[in-house]
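The structure is shown first.

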Amino acid sequence: MIDFIFSNPLLAALIALVGLSLIFGAILGFASERFKTEGDPIADQICDLLPQTQCGQCGYPGCRPYAEAIADGERINRCPPGGEATIQALASLLDVEPLPLDEDVGEEKPKSYAFIREDECIGCTKCIQACPVDAILGSAKHMHTVITSECTGCDLCVEPCPVDCIDMIEVPVTLNNWQWQNPAKANDLIATDRGQS
Amino acid sequence: MNSRVFNIPGGIHPPENKRQSLQRPLRFAGIPAQLILPLNMHLGAPAKPCVSVGEKVLKGQCIAQSNGVVSAPIHAPTSGMIGAIEERPIAHSSGLNAPCIIIDTDGQDRWCDLSPIKEWGHRDATDLIEIIRRAGIAGMGGAGFPSAVKLATDKPIDTLVINGVECEPYITADQILMTERAEQIMAGIAILKYLLKPQRILLGTEDNKPEAVAALQSSATNDVEVVVVPTKYPSGGEKQLIQLLTGREVPSGGLPADVGVVCLNVATAIAVHRAIDCGEPLISRITTLTGEAFKKPGNVEVLIGTPISYLMEQGECDEKKLSRLIMGGPMMGFTLPNRAVPIVKTSNCILAPTAAELPPPPPAQACIRCGMCAEACPASLLPQQLYWFSRASEHEKLEQHNLFDCIECGACSYSCPSNIPLVQYYRASKAEIRQARIDAAKAEHAKQRFEARQARLQRLEEEKAAQRAARAEAAKKRAEQATVNSEQQVENDPVQAAIARAKAKRSGTQETSASRVDEVSKLEKRLTAAKIKLASAESAGSDKLPQLQAAVDALAEQLANAKASSTEPTEAETNDPIQAAIERAKAKRAGKGGASNVTELDPISKLEKRLTAAKIKLAAAESAGSDKTPQLQAAVDALAEQLEHAKQQTDIEVATDDPVQAAIERAQAKRAGKLTPQTPADEIAKLEKRLAAAKQKLAMASENAPDKLAAFQAGVDKLEEKLAAAKAVVGE
């Protein structure tokens with residue numbers, strides 16, 4: 001063995017390298033099969049950041065398709081319900097520059113929920129078919145109503161209603177969801193401003 | 001009495017300002033004209049009102065019951081009448097309204113029947129805890145956590161800590177309580193000791209209250225250690241006091257019970273004593289009225305629900321001097337947006353400072369990273385780091401730096417040389433993070449619902465596709481069957497004559513029977529659809545059930561008819577005449593004979609079944625007084641007729657001597673019938689029936705739908721015309 005190495009150094013080195021590469025190749029190949037991740041992990045992470053209103057304002061049929069599109073290079077500023085916060089979160093996840101919300105897709109609105117004026121409802125079931133999260137209850141020719149706690153406020157049900165009896169109502173501030181506001185960011189004041197407030 | 005006092009990190013020494021409110025002795029504030037009792041003055045779920053407007057209530061009567069485990073009931077603080085149950089502004093930093101019970105007091109202050117427990121030493125601990133729960137006792141130190149929940153802990157408790165520190169400036173409510181009611185505190189502690197069976201009882205108080213310490217020590221029993229801790233803010237925080245007295249640190253996100261400690265305020269101990277020994281629920285508390293705007297500052301015993309405006313009159317508050325009204329102390333209190341808000345179980349102080357006494361905070365300047373806040377923090381946090389992360393909304397980092405361990409004591413803001421309102425940043429960030437968690441949970445929920453919906457839609461689509469495929473398959477099979485049959489018929493040739501006749505006939509009937517098969521499949525489709533509708537209507541409890549049921553019945557009947565008419569010709573005409581004839585002929589040749597009427601018996605039994613079913617329906621309709629009784633009657637008659645006809649045929653067949661001959665004759669007769677589909681006499685009978693039905697409809701329409709009368713009339717006329725024509729043909 002040692003004689004062979006000494007007598008054919010070039011060949012020995014070649015054999016050693018080829019052998020090593022085969023071994024590592026086999027290990028890597030096995031690992032890539034064994035520890036294969038299902039689906040697209042980046043798209044999953046992006047999907048978790050999206051607000052899941054399934055409103056389709058981004059132009060994709062739901063949050064998951066948009067997440068997949070972002071993973072494939074779509075711009076991150078097409079989600080009006082998520083607004084600025086979602087754009088920031090996506091930017092930091094993907095390490096890209098945060099963009100202002102795309103005006104073509106809509107504007108950030110306060111959180112709201114759908115409300116059916118029940119005495120005007122004709123029971124056409126069109127809103128039920130439009131609701132992406134099955135938050136509308138009712139059957140043909142019977143009054144429909146929105147399960148407020150399940151409503152994502154996507155307003156997809158408003159447009160199909162033939163009698164325009166669906167309103168989007170802003171979620172009111174109650175003791176349960178009231179929150180302290182960040183103090184005015186006044187740190188750029190200089191000392192001479194003291195006592196002026 | 002010589003317990004070791006441990007140390008806590010941080011802390012500040014703000015001016016105490018306790019002297020002002022200690023000038024006057026404790027007094028009763030009196031009964032205001034109206035008491036406002038918010039339903040959620042404790043931590044946890046709001047209580048449920050159990051009285052109605054206009055009801056008379058007595059002092060101590062329960063007016064709202066606890067709603068869940070972490071909740072507390074509410075009792076009437078005095079006798080009177082329930083004036084309203086409505087939204088009123090409450091003592092909350094948001095200034096929002098919340099549901100309240102309003103009592104119009106009658107001034108008589110009549111108690112309801114109380115049931116004090118004299119010998120609580122013989123009672124079960126769980127019974128006593130239930131009494132404490134029903135007395136509505138919630139922590140009176142500040143957070144308002146229902147005390148019964150603390151006492152019902154299943155973790156091993158070795159130390160009971162009674163909090164008499166009251167470290168916040170200006171407030172002296174607990175101090176005066178300890179000075180004047182030390183025996184009651186000890187009585188409460190005795191009950192708590194019985195309930196928790198701790199090894200040690202530590203009563204912590206500060207060295208700036210010497211009278212209170214003296215009173216406590218003189219009345220303390222042997223097992224209560226009165227521990228005097230050095231004055232420092234915020235030693236009175238629950239976690240801080242536990243650390244001071246026991247050296248144990250409550251873990252992040254944990255409860256004192258996790259380190260074997262239960263901590264209760266001195267006022268809560270008195271409330272427990274009152275609840276057990278006197279049977280009195282928690283209906284009053286001691287509140288400090290202080291600040292330079294009060295002409296008569298001092299401590300008052302107030303009924304829960306007393307409006308602040310009433311207390312301002314009592315303390316002779318000078319409106320001109322008042323700059324703002326604060327509930328709680330200067331460190332942790334909040335500015336009241338409204339003077340109508342009531343005192344609740346946790347309100348320990350009303351502070352009415354002048355502008356000079358408590359000036360508005362100067363504008364904040366930039367953080368110079370001096371680190372004074374970190375030195376002051378009693379929870380060993382890094383306030384300036386939290387401040388930067390809070391400004392940048394870096395929620396993850398905030399949580400990593402244990403923002404939720406912040407007790408919002410305000411020591412950092414107090415020590416900040418740049419006057420940065422640090423606590424406000426933390427409060428806002430805590431709220432943002434909580435909201436983000438709620439939103440994330442909601443988003444996850446919405447995602448699940450969306451995915452469930454997608455899965456359901458896909459499944460329905462697949463089911464539909466499968467149904468379509470099955471139908472296509474069935475149609476294909478039927479078509480194949482038909483060709484196979486015809487091939488078989490060609491192959492079988494024992495009686496050439498019969499085949500020749502049958503072929504001739506088949507060529508005439510094949511198409512019609514095929515179209516009948518189509519019709520049957522169509523009807524089957526409609527029937528399935530109708531049944532599905534019926535099922536969904538049933539499950540939805542629709543009021544259209546009878547109509548749908550009727551529709552399904554009608555379809556089923558039609559289908560049965562169509563099947564009969566499609567099988568009859570294909571089997572009884574195409575197959576039967578040939579096949580049966582062949583079979584019979586074969587049998588005859590083989591000398592078998594007999595058993596030829598098997599195929600004929602089948603339709604009869606079917607008809608009999610249908611007839612019975614129809615009769616049952618008719619009976620049901622009659623008993624229900626349905627308006628469809630005539631139709632059903634007609635259907636039963638028709639069926640009976642059919643049955644009779646079928647029976648006659650069989651009889652004829654049975655009667656015939658020569659089976660082959662009979663079969664051939666029958667086949668011929670049928671073919672003849674097929675070639676001239678209906679004998680004129682039959683036609684006339686049918687037309688007469690239709691006419692009768694149409695007339696009936698017309699009669700109904702004249703009653704119910706006058707607008708359709710003309711159409712029905714036209715139909716009747718047409719039928720009459722046809723009938724006349726048919727009659728004429730017969731006449732010829």
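## An open parallel sheet in chain B

In chain B, four strands make up an open sheet with the order β11-β10-β9-β12, and their pairing is parallel. Strands pair if DSSP finds at least two bridges between them; helices (H or I, at least four residues) and strands (E, at least two) are DSSP runs, numbered from the N terminus. The edge positions belong to β11 (224-229) and β12 (261-265) of chain B, each with a single partner strand, so one side of each has no neighbour in the sheet. From one strand to the next, the twist averages 25°. Axes are lines fitted to C-alpha atoms, for helices over the stretch in contact, and angles run from 0 to 180 degrees between N-to-C directions.

Strand β9 (residues 159-164) of chain B is joined to strand β10 (residues 200-206) of chain B by six bridges.

## Basis of the model

The model is predicted: local features require pLDDT of at least 70 and side-chain atom pairs pLDDT 80 or more, whereas totals for chains, interfaces and linings use all residues. Residues are numbered from 1 along each chain as its sequence is written, and chains are lettered from A and ligands numbered from 1 in the order in which they are written.

## Helices on the sheet

Helix α4 (residues 182-196) of chain B packs on the sheet and touches β9, β10, β11 and β12 of chain B; its direction makes about 155° with that of β9(B). Helix α6 (residues 238-246) of chain B lies across β9, β10, β11 and β12 of chain B, at about 120° to β9(B). Contact requires C-beta atoms, placed from the backbone, within 7 Å.

## Nonpolar cores

A nonpolar core is a set of buried Ala, Val, Leu, Ile, Met, Phe, Trp, Tyr and Cys residues joined through C-beta atoms within 7 Å; buried residues have 20 or more other C-beta atoms within 10 Å of their own. The largest core has 129 residues, of which B:I132, B:I137, B:V161, B:A269, B:V272, B:L311 and B:L422 touch the most other members. Domain 1 (20-351) and domain 2 (395-491) of chain B each supply at least three residues to this core, the bounds coming from an automatic or database domain assignment. Apart from it lies another core of 19 residues, including A:Y113 and A:I166.

## Chain A and its interface

Chain A contains six helices and four strands, and 24% of its 197 residues count as buried. In chain A, 30 residues are in contact with 26 residues of chain B.

How values were computed. Contact = placed C-beta atoms within 7 Å. Buried ≥ 20, exposed ≤ 12 C-beta atoms within 10 Å, placed from the backbone.
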